[in-house]
Structure formats: structure tokens, C-alpha cells
Amino acid sequence: NINSVARVTANTPIQFPDLPFYITPGDRATYEPYIGEYFDTNIFLPYLEDGGRDTFVTNDTWLTQGVTLTPATGLKIRSDFSYNTYHRNYKEVASKIEVVDTDLTADPIINNGLSGNDYIEVVNDRNEYYVFNAFAEYEFNADRESKDHFFKVLIGFNQEWGHRRRFRARAQSLITPLVTNINATTGTQTTGGSESDVSLRGGFYRLNYIFRDRYLLEANGRYDGTSRFPTDDRFGFFPSFSAGWIISEESFMESTSSWLDQLKVRGSYGTLGNQSVEDNNGNDIFYPYISNLNSGTSPYILSSGRTPYVGPGGLVSDALTWETVESKNIGLDFTMFKNKLDVSADYYTRDTKDMLMSVGQPSLLGTDAPSTNAADLRTTGWELSLTWRDTFGDKGRWGLNLALADSQSEITKFINPNGALPTNDIYYEGQQIGEIWGYETVGIFQSDEEVANAPSQTDIGSNWMAGDIQYADLDGNGKIDRGSSTLSDPGDYTIIGNTTPRYTFGLNPDIKYDNWSLNLFFQGLFRDYLPGNGNWNAFYPGNTGQVEEYYLTETWSPDNRDAYFAAPHIGTDDKKNILPQSRYVQNAAYVRLKNITLSYDLPDNVLENLGMNKVQLYLSGQNLWEYSEIHEPLDPESVFTLTQEYYLQRIYTFGINASF
């Protein structure tokens with residue numbers, strides 16, 4: 001993988017050289033057969049060339065047929081049926097390659113490097129999905145001759161069914177990499193497979209009513225049932241309502257007509273259901289209410305061969321039902337100055353109730369935790385969109401659009417009886433989503449005397465000395481630790497930041513004069529980010545197999561006491577200075593010029609002579625400029641990747657759009 005390349009230093013030998021001799025004069029004939037062969041140095045080239053191939057063929061077809069009937073004025077009856085067939089054949093071939101040991105005295109000197117396990121694996125996926133819809137729609141006063149009343153009603157039925165099948169076979173030891181068939185192997189063969197069904201049935205409706213073009217009402221609802229939940233908990237009803245008032249249409253607003261084009265207030269309340277259940281790896285669980293029995297064969301062999309066994313099933317929840325998202329929204333829209341200014345503002349709350357998730361449990365449980373409706377989440381936020389359109393001169397016009405939004409999410413219910421500190425699958429009531437937990441950093445020890453006089457840090461590391469990180473003793477007990485790792489006793493562990501994007505914004509100015517147009521799009525946000533300290537994560541000195549210049553200039557030494565990073569260490573205590581801490585929480589706010597496009601349209605008289613309808617020349621660029629205070633080599637827009645090996649690229653494009 002890409003990490004193999006990242007870990008190779010610039011002076012790594014790649015191919016066996018052509019030299020007059022290698023160890024002693026006269027030994028060229030011994031090593032001549034290896035000239036040009038790749039060395040066993042983790043370089044990626046030989047594996048790309050001869051290490052095998054992953055190939056697949058996918059067929060994904062959707063077929064839809066429908067009918068619409070109009071038996072009376074304003075009445076439409078519609079029905080459609082869709083069928084999806086998905087078929088994918090995948091074959092992975094891993095071949096052995098021969099590479100030369102860098103130790104020329106090794107015996108044997110030829111080995112298989114990273115490709116010692118050669119095999120062929122074939123996976124066949126076949127999925128089918130069926131969707132049937134039928135609904136009727138009636139519109140009263142469809143011609144709108146009378147502006148007093150408008151009424152529209154829709155009622156329908158929906159049925160969906162899906163079936164998935166997978167078959168997998170693997171065979172070890174290729175006879176020859178030239179024949180990539182599973183029968184052309186001599187080693188152990190294994191097979192596996194899976195099969196699952198999922199179905200959904202529901203009814204839905206929508207009612208619309210408008211009175212005198214100023215009072216707007218709408219009601220929606222769905223009653224859905226799913227095969228994913230137990231029989232008694234399969235169905236759920238999810239209604240929603242919305243209303244609007246166009247104030248500018250009222251008679252008492254006539255005096256504002258010279259500058260106010262439209263003013264509308266609106267509000268809504270709605271619920272949506274979610275049936276998707278996933279495990280901790282993000283994979284769909286189709287039967288979360290059924291205990292699955294594990295089966296296999298014993299690792300030991302008796303006279304009759306391996307003994308088959310069936311293990312105990314995992315835990316299941318005794319109450320599993322729909323996750324419900326309840327949204328409340330109030331908004332204001334107005335347009336002014338002959339449609340030059342357009343503003344839309346919203347404030348909303350969204351409560352996710354009975355969240356479907358797997359709750360983390362102590363390892364002594366002995367099995368995976370069951371999926372359950374474990375938590376409630378509340379999101380509060382607002383959105384604002386502002387647009388100005390104007391003209392200048394006889395041929396010019398310009399515009400500016402600003403989109404600004406902010407939201408925060410909080411856990412309002414979660415069963416955490418022991419008050420455990422949050423992890424990927426454990427939360428607590430009152431937790432703000434995105435919290436970063438860690439130690440408060442005092443600074444870097446400047447002398448061994450400071451180490452001796454500071455609170456003890458032996459619980460989180462050893463061999464503390466000048467150049468190491470000093471952590472804050474928040475609980476005042478004379479030592480740095482995480483207490484009992486609970487909310488009531490977190491020790492010196494505390495909240496040091498939050499990764500939730502705040503005040504996300506987009507700015508889109510554009511200008512057009514005659515046949516020239518210029519469009520720009522800026523994007524940005526505010527948030528914190530703490531780089532992970534796992535191996536090969538690019539940021540902390542000594543934590544990757546490569547060396548950045550700032551490792552040398554920003555690492556502590558007696559001659560560089562104001563350094564950002566601690567002194568380098570070699571050994572097992574290399575993580576003690578890069579524990580989660582406030583010192584390395586990054587300001588990941590940024591603004592970036594995502595796109596800029598300059599275009600020119602040929603004038604009409606030129607097009608007429610060319611016999612063409614339109615010719616546009618354009619030059620565009622993506623990610624051409626950004627500003628952020630985040631520390632190199634991190635990119636604020638892609639900080640949540642494992643490593644920073646792929647950065648956003650600057651892209652320049654020149655093109656021509658022509659029509660005849």
C-alpha cells in the first residue's frame with residue numbers, strides 16, 4: 001500500500017547494479033544473473049509489475065416502467081415498477097515475486113519479499129431489488145381561476161424488496177502466475193458465502209392548501225414497516241407539517257411595495273424514520289433482532305479430521321425499533337429593491353431519538369454488544385443565505401452570494417451507568433459531539449530540576465528529563481493521571497477542543513461585462529483538530545519513516561528552548577510526549593479559493609460568420625489559494641485521513657464550449 005512507499009528513504013537501493021565486482025574482485029559471474037532484479041527493500045515497483053492483479057466486471061441495470069391515468073380533471077393516478085439487478089465478479093490474484101536480498105552473503109539470496117503468500121480469490125455478488133409504487137393525486141381548482149382556495153391531495157403505497165447473495169472461494173499456491181484460474185492451484189481451498197433479504201412496506205400522503213396566495217399549509221406523513229425489526233416493532237408513523245405566511249401580500253403592506261418585493265415567514269415540524277442498523281465497522285446488519293450462531297471447525301485434528309462446532313449466538317436487544325429524527329424549523333424570506341437583495345434565514349432544532357447503534361461494553365462480557373436504540377441526540381443550528389444582484393454601465397452586472405451556517409450537537413440520552421469517559425462507541429448525557437479529550441500542557445521542561453519539582457508523571461511515562469512535555473495537574477493530587485477514567489474522576493484528563501465544524505461559509509462573487517464573465521467561489525469553516533499519534537501519522541517528529549525540515553528546526557534542544565516539539569527520544573517511551581494534549585490542538589479554520597473561472601463568449605456577429613450558435617472560451621482553476629494557521633504538513637480540509645499523503649491538488653483547466 002501507499003505506506004510502503006512513504007516509508008522508503010531516498011537512498012534505498014532499488015535494482016541490482018551492474019558493477020565490475022561486488023564483494024571481491026572476480027565475483028561478477030556469481031552475481032551477474034541478478035543484474036536488473038529488484039532488491040527486497042519494501043519498494044513497491046516489483047509488486048505492481050508482477051505481484052498480481054485485482055480485476056472485476058460489474059453489471060448494474062435499472063429497469064423502470066410506469067403508467068399515468070387522468071380519468072377526470074385534476075385527478076392523476078400513477079403507478080410504476082422498478083427492477084434493479086446487480087452482478088459483480090471479482091478476482092484477486094496475489095503472485096509470488098523474486099527479489100534479491102541486500103545482504104549478498106545471504107543464503108538463499110533470492111526470496112519472495114512481501115509476496116510469500118500467493119493465492120487466487122474469487123467473489124461473486126448478485127443483488128436484486130424490486131420497487132413498486134402506486135399513488136393518486138387530486139388537485140382542486142387546478143386552473144387557479146379563483147385565488148381564494150387551492151387544494152391538492154396525494155395518497156400512495158410503496159413496497160420494496162431486496163435480496164443479496166455472495167459466494168467467495170480462495171485457493172492457495174498458484175501453479176504458475178500465467179494461469180489465473182482457481183483450479184490452477186495446489187494449496188488449501190476455502191469457501192464462504194452469505195445471503196440476506198430486506199423489505200419495506202409503507203403508505204404515504206401529502207396535503208397542500210393555499211388561501212388567497214398568502215396562507216400556505218402542507219401536511220405529509222408515512223406509515224412504514226421494515227423487516228429489520230421484530231414483528232411487534234416493525235411499523236412506525238412519521239408525520240410532518242409546515243405553514244407559511246406571505247406577509248407582503250396583505251393589504252396593510254401596500255405602503256412597502258416600492259422597496260419590499262416579498263416577505264414570508266414559515267415554520268415546520270416533521271419526523272423521519274431510519275431503519276438502517278450498522279455494526280462498528282459501518283456494515284449493514286439485516287437481522288439485528290436475531291441471534292446469530294457462529295459455526296466453524298476446530299483448530300485441532302482428530303482421527304476423523306477437524307471437528308465442526310456451533311458456538312453460542314451473540315446478544316440481541318429485546319426492544320429494537322425505528323430511529324426517529326424530529327425536526328423543527330422557523331424561517332424568514334424576503335426580497336427587496338426590485339429583486340436586488342434576496343435573504344433567507346432559518347433556525348432549527350433536530351432531535352434524533354432512539355438512535356440505532358452498538359453500545360460498547362466491558363470486555364468481560366465475552367461477546368459483541370447488541371444493536372439497540374441506545375441514545376438521543378439534539379442538533380441546534382441556523383442557516384443564512386444572502387444574495388445581491390446589480391448592474392453597472394450599459395453592459396455590466398455583478399452579484400454576490402454569502403451562505404453562512406452553524407450547528408452544534410449534544411447527546412441528550414445515553415445509558416452510561418458507570419460514567420465512563422467517551423470513546424467511539426460510548427457517550428454521556430450532555431456530551432457535545434466532537435469533543436477532544438486530553439491533558440492540558442504546561443510547556444516543555446527546561447531542566448532536570450524542573451522535572452524534580454513538578455507533579456509526578458510516572459503514571460503516563462518514564463525517564464522524564466529536560467526537553468520533555470510537562471502536563472498540568474488539574475485535580476491537584478500531585479501526579480498526572482486519568483484518575484479512574486470516569487466523568488466523576490477523570491484525573492487530569494479534560495476537554496481541550498472540539499472538531500465540530502463551526503460557522504461554515506461560502507462566498508460566491510461573480511461579475512459579467514459584455515462577453516466576459518468572472519466567477520469565484522470561496523469556502524471555509526472554523527474548528528479544532530488534534531493530530532493522531534498512531535504510527536505513520538504525519539505530524540509529530542519521529543512518528544513516521546520520513547523526515548520533514550521542521551522536525552529539525554522545531555524540536556527542543558539546549559540551543560532551541562522555545563521549540564514547539566519536545567526533544568527526540570529513541571525507545572519505548574517515544575509516545576509520552578505526544579499524548580493527547582492542548583499544545584498540539586490545531587486551529588483548523590481555513591478559507592480556500594475553491595474555484596475561479598474566467599470565460600469569454602464570442603460575439604454574435606462572429607458566430608454568424610462561423611455558422612455557429614455559441615462558442616465560449618474559459619480558463620478555470622481549483623484550490624488555487626488558501627489561508628490557514630494549521631501546522632504543516634496538515635491540510636485543514638482533509639485532516640481526518642490516516643496520513644497526509646494525498647493533498648488537495650491545484651488544478652488548471654482551459655476549455656472550449658461550442659454548439660452548432
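**Strand pairing and cores**

Strand 2, residues 75–94, and strand 5, residues 119–140, run antiparallel and are joined by 20 bridges. Please bear in mind throughout that this is a predicted model. Within that pairing, Phe81 has Phe132 of strand 5 as its bridge partner.

Strand 5 also pairs with strand 6, residues 149–172, again in the antiparallel sense, over 22 bridges. Here Ile120 has its bridge partner, Ala171, in strand 6.

Let me move to the cores. The largest nonpolar core comprises 36 residues, and among those with the most contacts inside it are Tyr439, Ile460, Tyr471 and Leu530. At least two residues of this core come from each of strand 17 (435–439), strand 19 (469–471), strand 20 (493–498) and helix 5 (549–553). Strand 17 provides the largest share, three residues.

What does Ile460 touch, if residues up to four places away in sequence are not counted? The list is Tyr439, Tyr471, Ile480, Asp481, Lys576 and Leu579.

There is also a second, separate core of nine residues, which includes Ala374, Ala375, Leu377 and Tyr427.

Finally, consider Met357, which lies in strand 14, residues 341–358. Its relative accessibility is 11%, under the 20% limit, and Met357 therefore counts as buried. Leaving aside neighbours within four places in sequence, Met357 contacts Pro370, Ser371, Thr372, Ala374, Ala375, Phe414 and Tyr427. The C-alpha atoms of Met357 and Val277 are separated by 6.9 Å, although these residues are 80 residues apart along the chain.

Methods. Residues numbered from 1 in each chain as written. Predicted model: local features only at pLDDT ≥ 70, side-chain atom pairs only at ≥ 80, totals over all residues. Heavy atoms only, no water. Core = buried A, V, L, I, M, F, W, Y, C linked by side-chain atoms within 4.5 Å. Buried < 20%, exposed > 50% of the residue type's maximum accessible area, 1.4 Å probe, protein only. Helix = DSSP H or I, 4+ residues; strand = E, 2+ residues; numbered from the N terminus. Contact = heavy atoms within 4.5 Å. Pairing = 2+ DSSP bridges.
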